[in-house]
Amino acid sequence: MEKTIISEGKTTNEAIENGLKILNVPKNCVDIKVLENEDKRSFFSILTPRIVKVEMTLKEAKVSEEKETIKPKKEIELIKEEQEKAKENTEKFLQEFILKLPEGTNYEVETTTSHINVSITSKELGYLIGYRGETLYALQNILSAIAGKGIENRVRVILDIEGYKAKREKTLEELAEKVAKTVIRTKKTIKLEPMQAYERKIIHSKLQQNSRIDTTSVGEEPHRRIVVSLKNNYKK
């Protein structure tokens with residue numbers, strides 16, 4: 001089912017951006033039609049506020065719900081020399097990096113045959129975690145690139161800061177249970193806010209054993225979200 005809105009702004013771009021925020025989707029998920037162009041203005045309207053209107057319609061293919069299967073990534077085994085090189089690269093960066101962090105910040109680096117675990121601890125590192133872990137995962141990607149310098153195989157770094165990941169996993173599991181109970185009680189579908197793939201996986205995993213609940217996903221990254229609903233045989 002298509003969903004259409006009319007968005008306004010001082011320019012066409014502003015009107016489009018305002019509409020995308022309302023729909024909470026990327027630009028490639030909508031069809032856009034300019035209703036009033038800012039260039040078409042008469043002499044007598046020069047003193048009136050400039051308003052551009054655009055009609056924005058969600059593309060049906062982009063909003064259809066579908067089952068989401070998150071396949072585990074194939075682990076690449078690192079030989080001993082690669083593990084040592086990756087650890088050396090990572091520690092060299094972290095030694096300089098923590099000098100810019102609050103006093104008392106510590107880090108630990110552990111190697112395995114498939115990845116490197118990095119843990120950073122301090123009491124004032126919330127800004128390194130960011131909203132819903134966005135900064136943490138950006139830093140994790142940077143560390144992966146640094147760790148793999150001079151190594152043929154891809155090196156995966158798993159970063160945690162102040163035990164954030166364990167806390168976040170617990171929060172998401174509690175959210176999943178709460179939402180499932182609400183769906184069962186009200187028999188109404190609930191659409192969660194956009195989440196990263198690893199967060200959606202936690203929700204799916206937590207609810208997959210619930211015989212009355214079904215979970216699907218809708219939208220495209222980075223606005224993909226989970227939809228929690230009753231299974232068909234429980235809707236009546």
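Residues are numbered from 1 along each chain as its sequence is written, and side-chain values use heavy atoms, with hydrogens and water left out. Because the model is predicted, local features need pLDDT of at least 70 and side-chain atom pairs count only at pLDDT 80 or more, while totals for chains, interfaces and linings use all residues.

I begin with the cores. A nonpolar core here is a set of buried Ala, Val, Leu, Ile, Met, Phe, Trp, Tyr and Cys residues joined through side-chain atoms within 4.5 Å; buried means under 20% relative accessible area, with a 1.4 Å probe and protein chains only. The largest such core has 23 residues, of which Ile116, Val118, Leu159 and Ile161 touch the most other members. Among the elements giving two or more residues to this core are strand S5 (115-121) and helix H5 (134-147); helices (H or I, at least four residues) and strands (E, at least two) are DSSP runs, numbered from the N terminus. H5 gives the most, with five residues.

A second, separate core of 14 residues includes Leu172, Met195, Ile202 and Leu230. Ile202 is also one of the buried residues of helix H7 (residues 197-207), which include Glu199 and Arg200. Helix H6 (164-186), strand S8 (213-218) and strand S9 (225-230) are among what covers them.

Five of the six residues of S8 are buried, so S8 is largely enclosed by the rest of the structure. S8 and S9 pair in the antiparallel sense over six bridges, where pairing requires at least two DSSP bridges between two strands. Asp214 stands opposite Ser229 in S9.

How values were computed: Buried < 20%, exposed > 50% of the residue type's maximum accessible area, 1.4 Å probe, protein only. Contact = heavy atoms within 4.5 Å.
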